[in-house]
Amino acid sequence: MTGAVVVGGSRGVGLAVAGLLARQGFGVVVNGRDAGAVDEAAERVGGIGVAGSPADPDVADGLITRCVDEFGSIDALVNCAGTAEPVGSSILTVTSGQFRDLLDAHLLTTFETCRAAAPHMVAQGGGAIVNTSSFAFLGDYGGTGYPAGKGGVNGLTLAIAAELREHGVRANVVCPGAKTRLSTGDEYEAHIADLNRRGLLDDVSMAGALDAAPPEYAAPTYAYLASPRAADVTGAIFIAAGNFVGRFDRPQPAILAYRGHDGEPPWTLEELDGFIRR
């Protein structure tokens, strides 16, 4: 049997992914911070539940070890854990503690589980890592620690993909759009409406955020990337929002101007202003 660990698999998108992987024949280890929710989710998908925060290295190591012990391998690692930014949070109001907590929940959890899983995957000759980011990394949804953490997940995943490609280990990112406990309720709706009022979100994006599809519509993209069907897919950032599946183009530098440093002076501020703002 192939083994999979789904971090944040007790609720929302993670639970939908865990269930779909189980139906595809994976033995699934479900992780979350709420022990009761983890046990319930594990029973629901027919998997094994392990509670705790994988931002703790010991918890991350234990998750991967449990998967290998139970199923003989760790073939897929899916990171779906996340927590919402405090209501109204911005660089004007966020505390250092809140910012660190958000980085722990998104970036550090992803790092620790990837760190724990990667040597096993290399040793067994392959595996798939699927991490979760968000449109929020673009900054359009406000906040601080949430977009910073998701942007960090993107960079970390691309680096893992490049480093482990020669070992047959794949790493990709999914930016899901789904109606979960983090994207429902009066406070969430007021936040989205306020972003639209301030010009951060256009009307189409606001409508999509307020009428997202259930998590089951995002789960297939994760399951595909975890499966052998995606054997040659790595180092990409995908979008799975309802029936919309997309991919972010890899950023490429656009040269605005060029000047050699041998015999040429540095740019003046006036020169920079001339081609940066044109």
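This is a predicted model: local features need pLDDT of at least 70, side-chain atom pairs count only at pLDDT 80 or more; totals for chains, interfaces and linings use all residues.

Entry 1. Asp-273 has a relative accessible area of 39%, so I put it down as partly exposed. Its salt-bridge partner is Arg-277, with 3.4 Å between the closest N and O atoms. I looked up Arg-277 as well: it comes out at 67% relative accessibility and counts as exposed, since the cut-off for exposed is over 50%.

Entry 2. Next I asked where the two partners Glu-271 and Arg-259 lie. Their side chains form a salt bridge at 3.1 Å, N to O. I found Glu-271 in helix α9 (residues 269-276) and Arg-259 in the loop between β8 (244-248) and α9, so this pair ties together parts 12 residues apart in sequence. Glu-271 has a relative accessible area of 29% and is partly exposed. Arg-259, at 23%, is also partly exposed; I note that buried would need a value under 20%.

Entry 3. I then turned to Asp-61 and Arg-115, whose side chains meet in a salt bridge of 3.1 Å, N to O. Asp-61 sits in helix α3 (residues 57-71) and Arg-115 in helix α4 (residues 96-124), so the contact ties together parts that are 54 residues apart in sequence. I have Asp-61 as partly exposed at 30% relative accessibility, and Arg-115 as partly exposed at 32%.

Entry 4. Last, I checked for shared partners and the total. Over the whole structure, my search gives 7 salt bridges.

Notes:
Residues are numbered from 1 along each chain as its sequence is written. Side-chain values use heavy atoms; hydrogens and water are left out. A salt bridge is a side-chain nitrogen of Lys or Arg within 4 Å of a carboxyl oxygen of Asp or Glu. Helices (H or I, at least four residues) and strands (E, at least two) are DSSP runs, numbered from the N terminus. Buried means under 20% relative accessible area, exposed over 50%, partly exposed in between (1.4 Å probe, protein chains only).
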